[in-house]
Amino acid sequence: MAVETTRLPAPMFRIREDELPPELILSIERILDLHTTPNSDALDKLTNDFNPTAVLNDYFPNEAALGQLEAVQARLAENERDLQAEIDALREELRKDQDPSRMQLIQEMISDLLGQMSRIREKATESEAVVRNITKEIQVLDLAKKNLILSMTTLKRLQMLVNALSQLDDQMKERRYHEIVQSLAAVKQIGASFKPYTSVQRIAQLWRRIQDVQTELRSMIDTDWDKFYMQDPAKPIKPSIVADACLVLDVLGSDVRAQFVERYVALELKEYRRIFRATDEAGQLDNISRRFAWFRRLLQTHETEQGRVFPAEWKVGWFLTAKFIEITRDDMTALLSKAGSKLTVKQLLDTLAETMEFEASVMKKYSTPLREILKATTQANATRPPRPITSAFEPHMGVYIDAQDKVLSDMLAQYRGSKSRTSLEAASASSHGDDEAAPPVLVLPSSTELFYFYAQTLDQCAKLFTGQPLYDLCALFKKWLRIYAEEVLVSSLRKPATIIRRSVDTRYDPAELKNACTLINTADYCQTTALELEENIREKCDDAFKEKITLQEERDLFVSAISAAIGVMLRELENASEPFFNALARTPWTTVKLVSGQSAYVQDLLNVIEQVAESVKPLIEQKKYVRNYLDKLASTVLSKFTNALVKSRPLLEIGAEQLLIDLQAVKACLLKIPGDALTTSNYTKSVTKGTTRIEALLKVIVTPVDPPEGFILNYTLVIGDASFSNFQKILDLKGTPKSAQNDLLDSFLTITSVKPELESTSFLSSLDMDPAQVANLTSPGSSRVSLIPGSAAGESILAALSSPPVTATPSGASDSANRSEQMSKFSDFKRFVSFGLRRETLPP
């Protein structure tokens with residue numbers, strides 16, 4: 001029998017305010033080694049949530065368990081006694097641990113330990129002092145020994161230095177350079193150890209003597225070199241003596257050697273400066289080959305005569321070459337600047353070619369890059385960075401760029417200007433010529449010639465320079481790509497077409513379609529090749545210009561040219577289909593009494609659409625442009641169908657039925673023309689969406705106006721809006737008399753006012769009821785120039801009934817749509833006010 005808590009007195013369930021913290025409970029369990037488990041006795045658990053009712057229910061789960069009450073009491077009493085005994089034992093142990101006498105004993109033991117440590121530290125200090133006193137005399141003896149050894153070593157070195165100086169003096173008197181090398185090296189090595197003792201008078205005298213000896217040696221070597229260089233027969237100097245003297249210069253130091261080499265180089269090139277002065281004829285640009293020939297002879301003489309006395313590691317030939325390059329570069333800089341506008345591209349390139357040939361021969365001779373030679377021979381304190389001779393030509397490469405500009409201008413001159421023939425005409429003339437069965441020109445030859453010239457010019461310039469000149473050449477490429485796109489490709493579409501006689505069967509110009517396809521292929525080739533050209537230029541140019549090189553804007557121009565060509569093909573389609581849509585617009589539906597199949601104009605219209613599409617598909621290489629054209633073709637056909645439908649009003653029910661049949665034939669044709677290879681889901685959805693909207697319009701017109709509620713309900717279901725103006729458009733297309741329209745409009749407002757789920761606009765909001773006026777605003781000539789497909793006259797009259805255009809809507813069309821929407825809203829407001837006034841004036 002479970003204990004009912006509601007029968008117990010209230011004080012037993014009073015919450016204690018002095019509950020133990022959880023941290024204290026965990027500490028107690030850890031000390032008492034209490035391991036609680038889910039099956040443990042509730043009395044053995046330490047918790048603030050102790051529930052005596054649950055414990056009693058565990059002991060006495062039913063009334064039969066009350067018979068064991070005494071046994072339970074006895075067990076609980078025994079547990080209480082065990083706990084009390086354990087508590088007493090713990091208290092006794094705690095009392096012993098807190099005994100003051102025990103704590104005092106522990107403190108005394110710690111004090112004794114600290115005292116022992118202090119005594120050990122004092123004894124260690126005393127022992128260290130005793131050891132220091134014992135070893136003091138030994139340390140003094142060690143220091144004396146060290147000083148004695150140093151003194152003996154110094155005296156011995158001093159004696160060696162004096163002897164070496166004396167020996168060096170004797171060798172200098174007899175000019176025995178081979179022996180001087182070793183003696184001088186020994187003197188410098190031993191003398192370096194006495195540098196800290198120069199405050200000693202004797203040492204200072206020896207130090208000054210060493211410096212004087214080096215100065216005398218340098219002067220003596222210069223004198224002997226002059227005699228050797230001048231080849232004085234009265235006092236000949238053997239090459240071996242000068243070779244040994246060069247070894248002495250090595251011992252004297254790198255600065256002395258550099259000065260000696262510089263002096264030799266200046267002597268060798270003194271005659272060069274005199275002969276090839278910039279003011280003399282020999283020093284002009286045309287005679288640069290004579291400069292290089294003269295230096296080659298000088299270098300040969302150096303290697304066979306004077307140069308043999310120099311050690312190979314001196315690389316005196318490098319210094320001669322570097323100095324010659326420096327002098328020649330400065331002369332070329334002055335001559336090129338002086339030439340100015342008189343400098344011709346032939347003179348520039350010829351001179352640059354000879355210079356590059358010379359620099360290549362130098363690198364081949366020494367098997368080392370020229371810039372490394374110049375860097376190795378440049379002094380650390382040089383004010384100008386080392387540069388080759390060709391660097392003088394780089395600032396004047398504008399002459400070369402201008403020459404390439406002129407070549408490109410001449411290349412494309414026949415396709416530019418008002419009196420020039422277009423590239424399309426030239427390609428057509430060359431392809432047809434005498435053979436009428438020749439295959440069509442897919443890409444204009446002028447484009448391939450342009451990029452072939454670009455490749456040649458780029459390779460030529462990259463061999464010369466890869467810095468600023470190559471970047472300037474890239475700018476020139478960009479300029480002529482823009483000109484080719486705008487003044488050659490797009491301009492060819494703007495020129496008036498030649499008037500030719502068209503047969504009755506074909507009302508479009510096949511040559512115009514062929515030219516447009518050729519232009520699309522050419523523009524696609526140009527924009528693809530321009531990307532490859534951009535990557536090629538980046539690979540060749542310096543890192544500083546890589547991020548600046550881009551041809552994206554020029555590639556966009558070619559894409560615009562493709563759009564313009566597609567616009568021309570759409571214009572040809574419009575021209576070819578115009579008579580058939582005019583026939584639809586002039587159909588008198590009031591005289592038609594019976595629907596007996598598709599109209600007479602439909603088959604001719606479908607034939608024209610198929611002929612235009614089939615003539616275009618094989619001529620365009622990239623199928624993505626064919627798909628784009630077919631998308632716009634379908635949009636144009638459906639738009640013109642809608643315009644003709646509006647013009648032919650009133651349609652009446654019989655006219656709407658006939659147009660539904662015609663529309664199905666047009667839809668089937670549009671879905672068939674792409675074929676299996678070009679059909680896409682987007683194209684199918686676009687055609688289906690456009691035709692579905694026109695079908696919805698015609699289905700509403702087919703519905704009888706009697707009863708009015710059924711007619712209006714059908715409108716709301718099919719069209720799905722509550723627009724007053726859109727409903728009035730339906731009535732106008734249907735040919736409903738004005739007298740009957742007022743009642744229908746009143747009923748429309750009444751019914752739609754209780755249908756808040758209807759939209760305020762629909763695809764009918766864009767329907768223009770006067771497409772002829774909009775068509776007259778755009779001249780045929782302007783439609784030829786437009787770069788945006790879909791901007792031809794009449795195409796945007798009912799854009800909402802067809803698939804959305806691929807490109808942006810022209811600004812004029814958007815303004816017209818905005819004005820139409822504002823007028824429709826204003827018309828709705830006027831009708832609503834009129835309806836309200838009529839209802840108020842009706843008799844009760």
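## Surface and overall make-up

The protein exposes about 48700 Å², and carbon and sulfur atoms supply 55% of that area. This is a predicted model, so the confidence scores further down are worth a look as you read. Of the 844 residues in the protein, 38% are buried.

The secondary structure is quickly told: there are 30 helices and zero strands. As for how the chain meets itself, take the contacts between residues at least 6 apart in sequence: 77% of them join residues at least 24 apart.

## How confident is the prediction?

The average pLDDT of the protein is 80, and 82% of the residues score at least 70. Among the elements, helix α21 (residues 623–647) has the highest mean pLDDT, at 93, while helix α29 (residues 780–785) has the lowest, at 32.

## The nonpolar cores

Which residues touch the most other members of the largest nonpolar core? They are Tyr454, Met569, Tyr629 and Leu670, in a core of 192 residues. Helix α19 (residues 552–585) gives this core its largest share, 15 residues. Another core lies apart from it, with five residues, among them Tyr59, Phe60, Ala65 and Val72. As general background, nonpolar side chains tend to be buried together in soluble globular proteins.

Tyr454 makes a handy place to start exploring. Leaving aside neighbours within four places in sequence, Tyr454 is in contact with Leu408, Leu476, Phe477, Trp480, Leu481 and Leu533.

The structure holds 24 salt bridges. In one of them, the side chains of Arg291 and Asp331 meet at 3.1 Å, N to O. This pair links distant parts of the chain: Arg291 belongs to helix α9 (residues 288–304) and Asp331 to helix α10 (residues 316–339), 40 residues apart. Are these two partners buried or exposed? Arg291 is buried, with a relative accessible area of 0%. Asp331 counts as buried too, because its relative accessibility is 17% and the cut-off for buried is under 20%.

Asp405 and Lys479 form another salt bridge, with their side chains 3.0 Å apart, N to O. Here as well the pair links distant parts of the chain, with Asp405 in helix α13 (residues 398–412) and Lys479 in helix α16 (residues 468–494), 74 residues apart. Lys479 counts as partly exposed, at 32% relative accessibility. Elsewhere, salt bridges that share partners join Asp169, Arg209 and Glu216 into one network.

Lys323 forms a salt bridge with Glu326, and their closest N and O atoms are 3.7 Å apart. Both residues lie in helix α10, three residues apart, which is about one turn of the helix. Side chains of opposite charge can then pair when their charged atoms come close.

Lys323 is partly exposed, with a relative accessible area of 30%. Glu326 is partly exposed as well, at 28%.

## Thr355, a buried polar residue

Thr355 sits in helix α11 (residues 345–366). The residue is buried, and its relative accessible area is 0%. What does the side chain of Thr355 reach? At 2.8 Å, the Thr355 side chain reaches the backbone oxygen of Thr351.

Setting aside neighbours within four places in sequence, Thr355 is in contact with Ile288, Phe292, Ile389, Thr390 and Phe393.

## Helix α26 and the residue after it

Helix α26 (residues 724–734) is mostly covered, with ten of its eleven residues buried. The buried residues include Phe724, Phe727, Ile730, Leu731 and Leu733, and also Lys729 and Lys734. Just after α26 comes Gly735, which takes a positive phi of about 85°.

Definitions and conventions
Residues are numbered from 1 along each chain as its sequence is written. Side-chain values use heavy atoms; hydrogens and water are left out. Buried means under 20% relative accessible area, exposed over 50%, partly exposed in between (1.4 Å probe, protein chains only). Helices (H or I, at least four residues) and strands (E, at least two) are DSSP runs, numbered from the N terminus. A nonpolar core is a set of buried Ala, Val, Leu, Ile, Met, Phe, Trp, Tyr and Cys residues joined through side-chain atoms within 4.5 Å. Contact means heavy atoms within 4.5 Å. pLDDT is the predictor's confidence in each residue, from 0 to 100. A salt bridge is a side-chain nitrogen of Lys or Arg within 4 Å of a carboxyl oxygen of Asp or Glu. Accessible areas come from the Shrake-Rupley method with a 1.4 Å probe; for residues, only the protein chains shown count as cover. A polar contact is a pair of N or O atoms within 3.5 Å; within protein, one must be able to donate a hydrogen and the other to accept it, and residues adjacent in sequence count only if both atoms are side-chain atoms.
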